[in-house]
Amino acid sequence: MNAPHSSPDAPSARAVRKAVVPAAGLGTRFLPATKATPKEMLPVVDKPAIQYVVEEAAAAGLDDVLMVTGRHKRAIEDHFDHAFELEQALAAKGDTVRLDAVRDPARLADIHHIRQGDPLGLGHAVLCARHHVGDQPFAVLLGDDLIDPRETLLSRMLEVRDRYAGSVVALMEVPPEQVHLYGCAAVEPAGEDGVVRVTGLVEKPAREDAPSRYAVIGRYVLDPAVFDVLERTAPGRGGEIQLTDAIQELAADGTVHGVVFSGRRYDTGDKADYLRTVVRLACDRPDLGPEFAAWLKEFVAGLEEGAEREERKETRAGREELAA
């Protein structure tokens, strides 16, 4: 028998203070760069991608962050630790700007690390956090999804969790040709703008099988009940334990809500999107943006001019061939 839907006025069981950041993937799409460097450490302008994620968690008030890593990911641990020799050298030079930049990662939150061991999927990575999280609700932030620092998606999700309890997922409407890249949600109205009740989830469905165009993106606020479900979840798509399958079971009890997001999101898990992310964030920087944007305009204008020259050349060659 399904549990009754939660009322918007129902009190939250517990405040969310912990975040889990899965970072054990092999990063095969970025080889050979990721042969020895974790994909999460690839720079987005001058900060590794994973730092943006931890900054987002900290800005939303999550001061306890567990990173689930794998072998060859020691660089992540080092980045969020103190670098005494470097700090001393910068302090001796009086370079306070770079000194603060070096110290900031270790000051963002109380950061912990655990290894996944076997690459058994996102659901298994989340399950590895069980002993650290305990019986508290927690957030999960995927490192491939960067949410612009000016957005408040995670804070909004925490508010929804506080109002409805249960679990909350971030949803974004995607074009029909992209639904097969995501877990897609079946939804119904929840009586609140931008919030829906999730009634089902399908992991990477074919276009014709997708229940909607609402794709689950890499932000979750999960009830600890998900751990019991993950314990008994069999490997699904790709032979991995899918977090989507576990949330699907929770959704059957009416305890999963979705926050519909239409803001600025950057996907650093794809080469082309990674490059676009670097360009966008560089243009937004007050110290880099004006000069970089001006150069970019000149560069694009040069590309267009070169393309026009090639087109004229091909047209001329075609006419000469016909004349011959």
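Predicted model: local features only at pLDDT ≥ 70, side-chain atom pairs only at ≥ 80, totals over all residues.

Biologist: How many residues of helix α1 are buried?

Modeller: A residue counts as buried when its relative accessible area is under 20%. Helix α1 spans residues 49-59, and eight of its eleven residues are buried, so the helix is largely enclosed by the rest of the structure. The buried positions are Ala 49, Ile 50, Gln 51, Tyr 52, Val 53, Val 54, Glu 56 and Ala 57. Among them, Tyr 52 has Lys 47 over the face of its ring, at 4.4 Å from the ring centre.

Biologist: Which residues have the most contacts inside the largest nonpolar core?

Modeller: Ile 50, Leu 62, Val 65, Met 67, Leu 153 and Val 221 do, in a core of 49 residues. A second, separate core has 32 residues, including Ala 125, Phe 227, Leu 230 and Leu 243.

Biologist: How many disulfides does a search of the whole structure find?

Modeller: A disulfide is a covalent bond between the sulfur atoms of two cysteines. The search finds zero here. As for individual cysteines, Cys 128 counts as buried at 17% relative accessibility, and Cys 184 counts as buried at 0%.

Biologist: How many aromatic pairs are found, and what is the geometry of Phe 30 and Tyr 274?

Modeller: Ring pairs are classed by the angle between their planes, with over 60 degrees counting as edge-to-face. The whole structure has four aromatic pairs. The rings of Phe 30 and Tyr 274 have centres 5.5 Å apart and planes at 80°, so this pair is edge-to-face. The pair links distant parts of the chain, 244 residues apart: Phe 30 lies in the loop between β1 and β2, and Tyr 274 in helix α10. Both residues are buried.

Biologist: What kind of pair do Phe 292 and Trp 295 form?

Modeller: An α-helix has 3.6 residues a turn, so residues three or four places apart point the same way. Phe 292 and Trp 295 are three residues apart in helix α11, and are therefore separated by about one helical turn. Their rings are stacked, 5.8 Å centre to centre with 25° between the planes. Phe 292 is partly exposed at 26%, and Trp 295 is partly exposed at 45%. Ring pairs also link Phe 299 with these two residues into a cluster.

Conventions:
Residues numbered from 1 in each chain as written. Heavy atoms only, no water. Disulfide = S-S within 2.5 Å. Buried < 20%, exposed > 50% of the residue type's maximum accessible area, 1.4 Å probe, protein only. Core = buried A, V, L, I, M, F, W, Y, C linked by side-chain atoms within 4.5 Å. Helix = DSSP H or I, 4+ residues; strand = E, 2+ residues; numbered from the N terminus. Phe/Tyr/Trp six-rings, centres within 6.5 Å; stacked < 30°, edge-to-face > 60°. Lys NZ or Arg CZ within 6 Å of the ring centre and 35° of its normal.
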